[in-house]
Amino acid sequence: MHVTRDGRWTSGRHDASYARLVAELDRASVERACLVGLPGVVDNEYVLECAAASGARLVPIAGVNPIEFSRVDTAAAGIRACARAGFSGIKLHARLNGYDPLDARALAAIRTAGLERMIVLLDTLFRNRSVPTRHAADTIDALAHACPSTSIVLLHGGGPALLEIADVVRAHPALVLDLSFTLLHYRGSSLDRDLRWTMERFDQRIVIGSDMPEFTPAEAFDRAEQLAEGLSSEKWANIAHGNLDRLFPAPARGAAAVPRWP
């Protein structure tokens, strides 16, 4: 999920305010969610403010643009600073910030996040007008080999490259496949069958996101539940919340209803 200080979103079509975010969480009965920063869209300080205001309902993820750092060592230092500030992970968005995801500074950020026990959320829709891009599956395979100790959530599952990326996930135990955006953006395409196929076979390696404000948690879960119809309750529980619970353990608390993650 994303939020902005003034509630305006990049497309100009969506309400990205904190108030709407909380309302949509309530509407979908979501107990916890990752609140993700985006460099140039929302500052990390505001992400921390919202996470604190939520009473641990929101897990803060720092938006990081590694090419803003002049050297590999300063990129690593920047990630360590995020860990000290209280972030549970970092978000890398090569398309938005116009860089090669295999840049040495990006690799340093990913490796350092792993050393700091932070989760990396990596946008996998790499195609970019400003820089040439390799095939998403090959890029992710190279990242996984270069940073084998870092847990990486592959946001949006690569879109049309979903099945090829699933094969990369199979080969690398630290990778997790996220289905946000792709669930809804490609609805009605052949990807519907690919999404169902991955749910059946990768239930312990899949998470669901909404990419709010692009889509709401209710929309994402409704669509995911349609595609998951007939799956065992154990597999659905892994996909709907269990895998994210393991990545981002909740603070100790009393018994609560089964959570749903956007």
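This is a predicted model: local features need pLDDT of at least 70, side-chain atom pairs count only at pLDDT 80 or more; totals for chains, interfaces and linings use all residues.
User: Where does Thr 112 sit, and which residues does it touch?

Analyst: Thr 112 is part of helix H5, which covers residues 104-115. Leaving aside residues up to four places away in sequence, Thr 112 touches Ala 76, Ile 79 and Arg 80.

User: How do I read a pair of packed helices, and what are the values for H3 and H5?

Analyst: Two packed helices are described by the angle between their axes and the distance between the axes. Here helix H3 (residues 72-85) packs on H5 at an angle of about 35°, and the axes are 8 Å apart. The crossing is right-handed.

User: Which residues of H3 and H5 meet?

Analyst: A helix has 3.6 residues a turn, so residues three or four places apart point the same way. From H3 you get Val 72, Ala 75, Ala 76, Ile 79 and Arg 80; they meet Ala 104, Arg 105, Ala 108, Ala 109, Thr 112 and Ala 113 of H5. By class, this contact of H3 with H5 divides into eight nonpolar, one polar and two charged residues.

User: What about H6 and H7: how do their axes cross?

Analyst: Read them by angle and distance again. Helix H6 (residues 136-146) and helix H7 (residues 162-171) have axes that come within 9 Å and cross at roughly 15°. That angle makes H6 roughly parallel to H7, and H6 passes H7 in a right-handed crossing. On the H6 side the contact is made by Ala 136, Ala 137, Ile 140 and Asp 141, and on the H7 side by Glu 164, Ile 165 and Val 168. Sorted by class, the contact of H6 with H7 has five nonpolar, no polar and two charged residues.

User: On to the sheet. What is the strand order?

Analyst: Strands of a sheet pair through backbone hydrogen bonds, either parallel or antiparallel. This open sheet has seven strands in the order S1-S2-S3-S4-S5-S6-S7, with parallel pairing. Strand S1 (33-36) and strand S7 (206-207) stand at the edges with a single partner strand each, so one side of each has no neighbour in the sheet.

User: Which residues of S6 are buried on each side?

Analyst: In a regular strand the side chains alternate between the two faces of the sheet. In S6, Leu 175 and Leu 177 are buried on one side, while Val 176 and Asp 178 are buried on the other, and both faces are covered.

User: Where is the cis peptide bond?

Analyst: Omega is the angle to read here. The bond from Met 212 to Pro 213 is cis, with omega near 15°. Pro 213 lies in the loop between S7 and helix H10 (217-227).

User: Which residues of H10 are buried, and which helices do they pack against?

Analyst: The buried residues of H10 are Pro 217, Ala 218, Ala 220, Phe 221, Arg 223, Ala 224 and Leu 227. They pack against helix H1 (18-27), helix H8 (182-185), helix H9 (191-201) and H11.

User: And in H11, is Leu 244 buried or exposed?

Analyst: Leu 244 lies in helix H11 (residues 233-247), and its 6% relative accessibility makes it buried.

Technical notes
Residues are numbered from 1 along each chain as its sequence is written. Side-chain values use heavy atoms; hydrogens and water are left out. Helices (H or I, at least four residues) and strands (E, at least two) are DSSP runs, numbered from the N terminus. Contact means heavy atoms within 4.5 Å. Two strands pair if DSSP finds at least two bridges between them. Axes are lines fitted to C-alpha atoms, for helices over the stretch in contact, and angles run from 0 to 180 degrees between N-to-C directions. Angles under 35 degrees count as roughly parallel, over 145 as roughly antiparallel, 65 to 115 as roughly perpendicular and the rest as oblique. A crossing is left-handed if the near helix is turned anticlockwise from the far one by less than a right angle, and right-handed if clockwise. Ala, Val, Leu, Ile, Met, Phe, Trp, Tyr, Cys and Pro count as nonpolar, Asp, Glu, Lys and Arg as charged, and the others, Gly among them, as polar. Buried means under 20% relative accessible area, exposed over 50%, partly exposed in between (1.4 Å probe, protein chains only).
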